[in-house]
Amino acid sequence: MRMYDIILKKRNGERLSDEEIGFFIDGYTRGEIPDYQASALCMAICLRGMDDDETAALTYSMARSGDMLDLSRFGELSSDKHSTGGVGDKTSLIVGPIAAALGAKVTKMSGRGLGHTGGTVDKLESIPGMRMTISREEFLDQCDKVGLAIIGQSGNMTPADKKLYALRDVTATVDSIPLITSSIMSKKLAAGSHNIVLDVKTGSGAFMKTYEDSKKLAESMVKIGKLCGRNMAALITDMDRPLGYAVGNSLEIIEAVEVLKGERKGDLYEVCIALATEMVMLFKGITHEEAQAQAVGAIESGAAFAKMKEWIAAQGGDVSCLDDTKRFAEVHPVSHIVPILSPTDGYITSMDAAEIGTAAMILGAGRSTKEESIDYGAGLTIEAKTGDRVEKGMTLGYLYTNREDAVKPAEERYLAALTFGSEAPQKTELIQGIVR
């Protein structure tokens with residue numbers, strides 16, 4: 001078998017066999033296939049596409065290129081949730097405790113933030129003492145006893161994806177549904193969960209900017225997951241505006257706590273209940289109405305917040321910060337808290353979520369490079385969103401930073417991300433679609 005023949009076959013629009021796909025992934029992972037041939041095949045896939053069976057074979061080959069987590073001890077209770085990324089997206093911090101409080105075994109490996117998108121690991125590390133690296137044995141034992149474990153990506157999982165993603169990033173081959181699907185789903189398969197709920201974002205702050213593209217990706221991932229023996233569901237959710245009111249690491253932990261305590265409703269609560277409902281439906285096999293009632297009940301009874309504290313304590317986190325979130329301001333103080341004032345009267349007709357995420361990054365809440373450090377106290381809070389009527393001089397939000405020279409550029413970035421009009425915009429739904 002020759003790589004040249006595989007490239008030619010796909011270039012001509014022919015279907016690749018499981019053996020040919022496995023040959024490519026195994027050889028590239030071992031360094032036997034050079035980057036230029038891997039780039040050529042990725043470009044051919046971008047231009048010619050892959051059918052479902054090819055995409056499933058690619059996904060599985062990438063998953064087995066490294067370590068695979070065995071969660072068979074948890075049977076059909078093992079559950080995971082993945083978001084395609086966004087601004088203010090702290091749903092894992094809320095959905096995980098809800099599902100675990102209802103009997104799921106939630107295991108999740110998360111990443112760090114880069115650019116305008118925040119990372120779950122960074123958010124959790126703003127809790128004093130929180131350990132995001134633990135042994136595999138401790139990870140599984142914690143999931144067994146607590147029902148929830150979220151850690152940073154570690155070990156040798158999906159090395160093929162790491163190599164291919166870096167290559168795709170510099171060869172204009174990122175934008176391909178089969179390649180995106182296999183990248184995301186290979187990590188989910190390697191992580192071992194039986195039930196997988198996907199949150200596919202759509203809009204200005206998302207990877208997929210249009211509903212049509214987001215739906216295609218959701219359908220592809222659900223289909224491939226099912227072909228690989230997993231229970232799957234995907235929500236397509238709005239990211240034309242930040243999710244919730246907080247953007248920044250400790251600020252987002254505070255908001256997650258408020259939701260789990262039942263103190264805050266709104267868009268974040270709605271999306272989290274919808275995601276948790278899908279997860280409960282998968283691992284319990286019950287109706288949507290029953291699952292939704294149980295998800296809501298887990299918050300109202302206090303069980304979900306109690307589960308969050310149990311989980312954080314198990315990983316060394318200081319739960320007193322969750323009981324009294326004012327402690328975060330003491331642990332991660334900021335020297336400048338500056339209001340953002342409306343420049344005009346009218347309605348906020350749109351928000352560019354990516355630009356708002358970039359404003360938070362400028363304040364110190366994110367990274368422009370992987371090596372850059374972050375300030376856990378930095379970020380911003382939002383007082384007015386799309387559809388709200390504002391008056392000139394009204395506070396639209398607050399900037400939190402220890403960088404005095406960042407205040408003006410962050411404020412300018414935030415205001416440039418908003419558009420104003422004399423009439424209220426048409427309302428867009430938070431949950432724009434469901435794929436099961």
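Q: Where do phenylalanine 24 and tyrosine 28 lie?
A: Both lie in helix α2, residues 18-29. They are four residues apart, about one turn of the helix. Helices here are DSSP runs of H or I with at least four residues, strands are runs of E with at least two, and both are numbered from the N terminus.

Q: What should I know about the model itself?
A: It is predicted: local features need pLDDT of at least 70, side-chain atom pairs count only at pLDDT 80 or more, and totals for chains, interfaces and linings use all residues. Residues are numbered from 1 along each chain as its sequence is written, and side-chain values use heavy atoms, with hydrogens and water left out.

Q: How many aromatic pairs does the structure hold, and why is the pair of phenylalanine 24 and tyrosine 28 called stacked?
A: A pair of aromatic rings is described by the distance of the centres and the angle of the planes. Rings of Phe, Tyr and Trp (its six-membered ring) pair if their centres lie within 6.5 Å; planes under 30 degrees apart count as stacked, over 60 as edge-to-face and the rest as tilted. The structure holds one such pair. The ring centres of phenylalanine 24 and tyrosine 28 are 6.1 Å apart and the planes are at 20°, so the pair is stacked.

Q: Is phenylalanine 24 buried or exposed?
A: Buried means under 20% relative accessible area, exposed over 50%, and partly exposed in between (1.4 Å probe, protein chains only). Phenylalanine 24 has 3% relative accessibility, so it counts as buried. Tyrosine 28 is buried too, at 2%.

Q: Which lysine lies over the face of tyrosine 28?
A: A charge sits over a ring if NZ of Lys or CZ of Arg is within 6 Å of the ring centre and within 35 degrees of the ring normal. Lysine 163 lies over tyrosine 28, at 4.3 Å from the ring centre. Lysine 265 lies over the face of tyrosine 269, at 4.9 Å from the ring centre.

Q: How many disulfides does the structure hold?
A: A disulfide is a covalent bond between the sulfur atoms of two cysteines. The test is a pair of cysteine sulfur atoms within 2.5 Å. The structure holds zero. For cysteine 143, the nearest cysteine sulfur is that of cysteine 272, 19 Å away. Cysteine 143 is buried, with a relative accessible area of 0%. Cysteine 272 is in no disulfide either, and counts as buried at 1%.

Q: What is the strand order in the open sheet of four strands?
A: Strands of a sheet pair through backbone hydrogen bonds, either parallel or antiparallel. Two strands pair if DSSP finds at least two bridges between them. The order is β6-β9-β11-β7, with antiparallel pairing. β6 (246-247) and β7 (336-341) each have a single partner strand, so one side of each lacks a neighbour in the sheet. Six bridges join β7 to β11 (residues 395-401). Histidine 336 has threonine 401 in β11 as its bridge partner.

Q: How many residues of strand β4 are buried?
A: In a regular strand the side chains alternate between the two faces of the sheet. In β4 (residues 195-202), eight of eight residues are buried. Both faces are covered, with Val197 among the buried residues on one side and Leu198 among those on the other. Five bridges join β4 to β1 (residues 78-83), running parallel. Histidine 82 stands opposite leucine 198. Eight bridges join β4 to β5 (residues 231-238), also running parallel.
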